[in-house]
Amino acid sequence: MEKKSKFSFFSSSSPKSLPSSPHSFTSSPASPLHQVFTQSTMDEAIARAEAIIKKWDPNTPSITKIVSLFNHSRKEAKEFIKCVRDLRKAMHFLVSQDSQSPKLALAQTLMQIAMTRLEKEFFQILSSNRDKLDPESVSGQSSTSTNSEFEDDYDEDDDDEMKKANESITKVEKASAVVMSDLKAIAECLISCGYGKECVKIYKRIRKSIVDEGLSLLGIEAYKSSRLHRTDWVTLDHMIKNWTKAAKIGVTTLFRGEKLLCDHVFSASNSTRESCFYEIANEAATNLFKFPEFVAKEKKSHERIFSLMDLQAAISNLWQDIEMIFHYDSVAGVKSQALMSLQKLKVSIHNALTDFESTVHKDSTKALTPGGGIHKLTRSTMSFISSLSEHSSVLSEILTDHPLPRNTRLLESYVIMLEEEEHNHALSVHFAWLILVLLCKLDTKAEHYKDVSLSYLFIANNLHFIIETVRSSDHLRHLLGEDWITKHDDKLSAYVANYEISAWSYVYMSLPEEPTELSPEEAKIYFRRFHSAFEEAYMKQSPRVVPDAKLRDELKVSIAKKLVPEYREFYRKYLPMLGQERNIEMLVRFKPDNLENYISDLFHGTPILASSSVSSSSSTSWMSLGRVSS
């Protein structure tokens with residue numbers, strides 16, 4: 001510790017010589033202090049200070065050299081602080097009365113000893129109570145809950161009140177409060193006596209190492225763009241997941257705790273606590289928020305959008321804390337870095353969205369889905385869109401800043417429909433647009449089927465999958481609205497109807513229209529025509545697939561309702577005419593109930609390899625049921 005000149009406490013060239021504090025004295029003879037601080041009280045103050053300060057002189061070969069004053073006796077520590085304050089007042093009095101007094105030299109010597117002791121105590125408390133000053137414990141304190149026990153107006157009643165107030169807090173928090181109170185008392189004493197520089201130097205060195213160590217334990221390292229650029233995506237994704245967790249702890253616990261501790265210990269000086277917090281937190285916090293910016297600059301790919309949105313959400317969720325903790329001008333760079341990362345992430349996320357849309361639009365897979373089932377593009381795209389919808393809060397601001405141009409009739413119709421719903425307009429339109437891009441691509445793929453009915457079934461299956469994905473997702477359902485679902489349900493019904501017409505209409509038309517009276521020969525012709533049409537349609541449609549059980553049942557019921565009742569009536573009316581025909585089982589191969597069984601087997605994707613399979617099983621079924629006589 002540097003030795004100070006005899007009158008360094010009162011040098012007009014040093015702004016710290018007479019700090020602003022509740023205990024400062026002016027040297028004006030007219031001050032109230034000089035009216036109450038007499039020669040006798042000055043002598044008493046020096047005498048009391050000499051006794052306790054020399055007892056705890058760290059340079060004397062006694063037990064007090066190695067024992068901590070604050071650990072040994074908090075009562076004596078309180079007395080020590082009070083004596084130092086009174087000594088300072090006495091020195092002010094002496095300067096105003098007799099600046100050449102030998103007592104002033106004694107007081108100066110005592111003050112230097114006291115400052116050395118308090119600096120040592122300050123260091124010991126900081127370094128030996130790390131567990132009581134960990135950020136989590138400190139964060140549980142408030143600047144008003146740990147007022148110094150060493151204020152001039154402290155008395156036993158105050159001690160009782162403090163004990164009562166602390167009954168509700170934990171043992172750890174109580175211990176933390178005591179340590180914080182000790183540090184504050186020492187810091188205020190050192191600063192008011194002109195030794196703030198030494199105090200702050202000790203504090204910065206110890207607390208900065210704690211912050212750096214804490215971030216290291218959270219997995220935060222010194223980030224460099226060049227190194228991240230060489231990191232594979234699996235490792236980088238793991239780093240992102242760790243960062244989102246570490247950033248929350250780092251900001252809300254580590255930096256918040258340091259800010260509270262710093263503000264409490266140096267509450268008497270705004271400039272000191274700002275300077276301390278800057279030295280302790282600025283570099284580490286700036287490095288923390290550089291990571292998202294570096295990630296945002298990496299190669300864009302829509303598969304990485306969720307990790308980018310996690311980073312954006314993490315910073316956004318912490319923004320209120322960031323503004324509160326880093327409000328000093330000196331640490332404004334931390335907020336600037338966090339803002340820069342947010343901006344870079346927004347650009348990167350929007351680019352990833354554009355890449356996703358382009359990927360769907362440019363999909364060139366030519367392989368047809370067997371049986372008209374659900375295309376893998378539909379599954380992957382809707383899975384992606386559904387996951388996107390869970391990040392609506394992140395996407396909302398980005399898409400509001402980048403609205404889709406209304407340059408197509410299709411998009412305009414979506415916009416008009418969604419404007420009637422109450423939700424985030426830009427976000428809703430964008431999700432509707434992404435699904436529209438998928439539907440347009442599916443229309444193109446449907447054209448590759450040579451059979452028209454299979455094209456309709458393919459579109460119906462995929463549209464149904466899309467609608468059900470929206471219906472089952474609370475986020476998508478809210479964004480797109482009930483009108484969107486209703487509109488697309490209507491489209492689905494139209495595609496299903498078109499499939500039925502193209503696949504089964506010639507079977508429906510193979511029976512005569514009512515009312516008709518047929519001769520036996522004419523009836524035989526219609527039986528042959530119906531059986532041939534049904535067998536052909538059944539063979540053709542048996543490989544078709546409808547993955548959704550509900551849609552599959554609805555489709556089978558619809559076909560059966562149109563087919564079975566008419567055939568049942570025809571069968572009932574004209575079979576008796578053919579009762580005497582030889583080989584009638586070859587002529588009339590299906591009973592109505594038998595027909596229903598065949599229809600119920602449809603749309604499971606089980607192909608019939610030869611017409612004889614249907615004929616044989618039908619004939620066996622018919623013969624086992626016997627003839628129906630006329």
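In the predicted model, helix α2, spanning residues 39-55, packs against helix α5, spanning residues 102-128, at an angle of about 35°, and the two axes lie 10 Å apart. The crossing of these two helices, α2 and α5, is left-handed. On the α2 side the contact is made by Gln39, Met42, Asp43, Ile46, Glu50, Ile53 and Lys54, and on the α5 side by Lys103, Leu106, Leu110, Ile113 and Ala114. Sorted by class, the residues in the contact of α2 with α5 comprise 7 nonpolar, 1 polar and 4 charged.

Leu377, Thr378, Thr381, Met382, Ile385, Leu388 and Ser389 of α16 meet a set of α19 residues made up of Phe431, Leu434, Ile435, Leu438, Lys441, Leu442 and Lys445. The contact of α16 with α19 has, by class, 9 nonpolar, 3 polar and 2 charged residues.

For helix α23 (residues 549-574) and helix α25 (residues 592-600), the axes come within 9 Å, with a crossing angle of roughly 165°, which makes α23 roughly antiparallel to α25. The crossing of α23 and α25 is right-handed. From α23, the residues Lys556, Ile559, Ala560, Leu563, Val564, Tyr567, Arg568 and Tyr571 meet Pro592, Asp593, Leu595, Glu596, Ile599 and Ser600 of α25. In the contact of α23 with α25, 9 residues are nonpolar, 1 is polar and 4 are charged.

A search of the whole structure finds 3 cavities of 30 Å³ or more, and the largest cavity has a volume of about 70 Å³. Lining the largest cavity are Trp233, Leu236, Val295, Ala296, Glu298, Lys299, Lys300, Ser301, Arg304, Leu308, Ser348 and Ala352. At least two residues of this lining are supplied by each of the helices α11 (233-265), α13 (290-296) and α15 (332-361). By class, the lining of the largest cavity has 6 nonpolar, 2 polar and 4 charged residues, with Glu298, Lys299, Lys300 and Arg304 among the residues that line the largest cavity.

Technical notes: Residues are numbered from 1 along each chain as its sequence is written. This is a predicted model: local features need pLDDT of at least 70, side-chain atom pairs count only at pLDDT 80 or more; totals for chains, interfaces and linings use all residues. Side-chain values use heavy atoms; hydrogens and water are left out. Axes are lines fitted to C-alpha atoms, for helices over the stretch in contact, and angles run from 0 to 180 degrees between N-to-C directions. Helices (H or I, at least four residues) and strands (E, at least two) are DSSP runs, numbered from the N terminus. Angles under 35 degrees count as roughly parallel, over 145 as roughly antiparallel, 65 to 115 as roughly perpendicular and the rest as oblique. A crossing is left-handed if the near helix is turned anticlockwise from the far one by less than a right angle, and right-handed if clockwise. Contact means heavy atoms within 4.5 Å. Ala, Val, Leu, Ile, Met, Phe, Trp, Tyr, Cys and Pro count as nonpolar, Asp, Glu, Lys and Arg as charged, and the others, Gly among them, as polar. On a 1 Å grid over the protein atoms alone, a cavity is a set of points where a 1.4 Å probe fits but cannot get out, and a pocket is an open set with protein on both sides within 12 Å along at least five of seven lines; lining residues have an atom within 4 Å of a point. Grid points are joined across faces, edges and corners, and a volume is the space filled by probe spheres set on the points.
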